[in-house]
Amino acid sequence: MEHGSFTDNSAATFSLTEEDHTLANAVRFTLNQDPRVTFCGYSIPHPSNARVNIRVQTTGDPAREVLKDACQDLMLMCRHVRSSFDKAVEDFKASNAVKAMKIDSQDSDLEESE
Amino acid sequence: MAGQGEERGEEKKKFSIWDLPDVPAGQLPPHLELQRTRVLCNKDAPIHTESVLYSGAYASMGVDNSLRLDHFCNNFRVEVVRLTEEDMEFDMIGIDAAIANAFRRILIAELPTMAIEKVLIANNTSVVQDEVLAHRLGLIPISVDPRLFEYMSENDQPNEKNTIVFKLHVRCKRGSPRITVKSDELKWLPNGSELIKESRNVASDSASKPETYTSFSCSQDTLPEFANNPIAPKYLDIIISKLGPGQEIELEAHAVKGMGKTHAKWSPVATAWYRMLPEVVLLEEVEDDLAEGLKSKCPVNVFDIEDLGKGKKRATVARPRACTLCRECIRGEEWEKRVAIRRVRDHFIFTIESTGALPPDVLFTEAVKILEDKCERVITELS
């Protein structure tokens, strides 16, 4: 799964099965933003096989740790996205409910005055 | 000569460009900031489309381009524009295209749904062939929460936890006009299959229940979720087939859980797409006749005319969000100097149209959960 050298563990290629651009591009984005990384990229050897090769080269830290940290960052970003989205949907539904109530009360006021 | 060189050497003091008073420290100069945050859509092709990812890209300017999670968490915002049972439109600000695309791909291909997979046809004398009929049945969206069911693999027996059984029995009597078979004719069978499997075992006693194509241990409508709302197709007016006099269709359809990756019938969204927020900027003052011309050129009315008094008019950008990037306003001579069309690189306008199994906001939450699960899987494989 990890193809690297036994002596130098700061550069390695990780071969993931059952993955495609969905995860690989997102992980590549977070990896690139890490200051310890000198080179990172992914490739799909053949589109019929669901296999992705992610290459990581670092400034000295073990490549495995850096990849793990990048995945961890991505998970935290996803959690934050999910909580912000849930909150935004709740706020929207609440403000819509208030608007609907206001319209209802306006209509009933009109009916009463008539 | 050597003396003069030495004097000059003593006069030259080392100073850094950051000591100059008008160079902003810690910030990028405006033209680099434009390159980093906007896609410039020119007449021939867009430029600066790749986001600058490398953490040390602006190191010489003293600006840190690395991903700081707290920076992301503070700047990230979601704003919902429209939310109904069937579709929603919302803005995600502060996220990168790689992750937005990951969500879009998961919404289309990796969210599970229930769809008809096996069709057991007892009688089909209609003009629609068996396989065409089975294909059409598979594409009908079923209004049921797929999270209540499990996947069925090839070795599993179909039981109440992984299969939904529907029955379709329509006959057009001789002498009556043609009838249209719509999806409301699909009846849910909560007790499982009614078609009896022919078993070669003569030894089995006739008193025991005959074996059917599914083995339901309990009826599905005893489960609390289905007790009061029966499972049915989401839209009851989908035309399945048409029958002439004397033709009949009798079949049983089994629906299982699957993902859009395997077949598009299992995709929970009609479609899901995103676009970047357009930004239309007037680089020069556009007045009078030119302003009228600009306003009439745009097919979606992005520009408006503002009266300055004394008969002078000026064009303003009123609705940049509606811009479809048709580039009509920069076609023609010299318009490129006056109008600039750009896209904001980290502001995405997402639209999700659901087919009905789950409401669109639930779909998006599930998609984010699936991306988290993928990361988790990679982390456990690495450890």
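Predicted model: local features only at pLDDT ≥ 70, side-chain atom pairs only at ≥ 80, totals over all residues.
Biologist: Understood. How many bridges join E5(B) to strand E10 of chain B?

Modeller: There are 10 bridges between E5(B) and strand E10, which covers residues 248–258 of chain B, and these strands run antiparallel. As one example, B:Ile121 has B:Leu251 in E10(B) as its bridge partner.

Biologist: In what order do the strands of that open sheet in chain B stand?

Modeller: The order is E5-E10-E6-E8 in chain B, 4 strands with antiparallel pairing. Strand E5 (113–124) and strand E8 (187–188) of chain B each have a single partner strand, so they stand at the edges and one side of each is left without a neighbour in the sheet.

Biologist: And what holds paired strands together in general?

Modeller: Strands of a sheet pair through backbone hydrogen bonds, and the pairing may be parallel or antiparallel.

Biologist: Which helix lies across E5 and E10 of chain B?

Modeller: That is helix H5 of chain B, residues 130–138, and its direction is at about 150° to E5(B).

Biologist: Let us change topic to the two chains. How much area do chain B and chain A bury between them?

Modeller: They bury about 4,100 Å², and 71% of that is on carbon and sulfur atoms. Chain B contributes 44 residues to the contact and chain A contributes 40 residues.

Biologist: How many salt bridges does the rule find across this interface?

Modeller: The rule finds 6 salt bridges between chain B and chain A. One of them joins the side chains of B:Arg105 and A:Asp20, at 3.1 Å from N to O. There are also 7 residue pairs in polar contact across the interface.

Biologist: Which elements give two or more residues to the chain B side?

Modeller: They are helix H3 (69–75), strand E3 (77–83), strand E4 (87–93), helix H4 (97–109) and helix H9 (360–382) of chain B. H9(B) gives the most, with 15 residues.

Biologist: How do the residues on that side divide into nonpolar, polar and charged?

Modeller: On the side of chain B that touches chain A, 28 are nonpolar, 5 are polar and 11 are charged.

Biologist: Finally, how many salt bridges are there over all chains?

Modeller: The search of the whole structure finds 33. Among them is a pair within chain A, where the side chains of A:Arg64 and A:Glu2 meet at 2.7 Å, N to O. This pair links distant parts of the chain, 62 residues apart: A:Arg64 belongs to helix H2 (residues 63–113) and A:Glu2 to strand E1 (residues 2–4) of chain A.

How values were computed. Residues numbered from 1 in each chain as written. Chains lettered and ligands numbered in written order. Heavy atoms only, no water. Pairing = 2+ DSSP bridges. Contact = heavy atoms within 4.5 Å. Axes fitted to C-alpha atoms, helices over the stretch in contact; angles between N-to-C directions. Buried area = accessible area lost by both parts, 1.4 Å probe. Salt bridge = Lys/Arg side-chain N within 4 Å of Asp/Glu carboxyl O. Polar contact = N/O pair within 3.5 Å; in protein donor to acceptor, adjacent residues only side chain to side chain. Nonpolar A, V, L, I, M, F, W, Y, C, P; charged D, E, K, R; others polar.
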